[in-house]
Amino acid sequence: MWSALKPGRRPPDDEIFSMIANSTAIPNGWLGLDIGPTTAQDFQAALEHCRAMYWRGPMGVDEYPQFAKGTHELLHFLIRLRRKRSDLLVVCDGHVMPA
């Protein structure tokens, strides 16, 4: 799943129209700019038992709050997971840290 945005000039935040669509069903003229809830759950399931993770950049276009949800959701999942498991190592680059 992706959050999508119709491309063009950068609209003000209150004028952004978004939708959640399967990655194979993003309408023509729209862009996939963030992971959706299903993909976030898939990432969480895949990372549940990992021992180390290198995170290279945000999940979406985090300059827009509407498209930073996937990054924030994964970040909060990893925080909860780290609190449960002291053996988890997460390394992030500078693009994830502002999230």
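Modeller: What follows describes a helix pair and then a strand pair.
This is a predicted model, in which local features need pLDDT of at least 70, side-chain atom pairs count only at pLDDT 80 or more, and totals for chains, interfaces and linings use all residues. Residues are numbered from 1 along each chain as its sequence is written, and side-chain values use heavy atoms, with hydrogens and water left out.

Helix α1 spans residues 37-47 and helix α2 residues 69-84; helices are DSSP runs of H or I with at least four residues, and strands are E runs of at least two, numbered from the N terminus. Their axes, lines fitted to C-alpha atoms over the stretch in contact, with angles from 0 to 180 degrees between N-to-C directions, come within 10 Å and cross at roughly 25°. The two helices are therefore roughly parallel, a term for angles under 35 degrees. On the α1 side, A40, F43, Q44 and L47 make the contact (heavy atoms within 4.5 Å), and α2 supplies E73, L74, F77, L78 and L81.

Helix α2 also links two strands: the chain runs from β4 through α2 to β5 in a right-handed crossover, meaning that, with the strands pointing away from the viewer, the path from the first strand over the helix to the second runs clockwise. Strands β4 (residues 52-55) and β5 (residues 89-92) are parallel and joined by four bridges. Y54 has V91 of β5 as its bridge partner.

Methods:
Parallel < 35°, antiparallel > 145°, perpendicular 65-115°, else oblique. Pairing = 2+ DSSP bridges.
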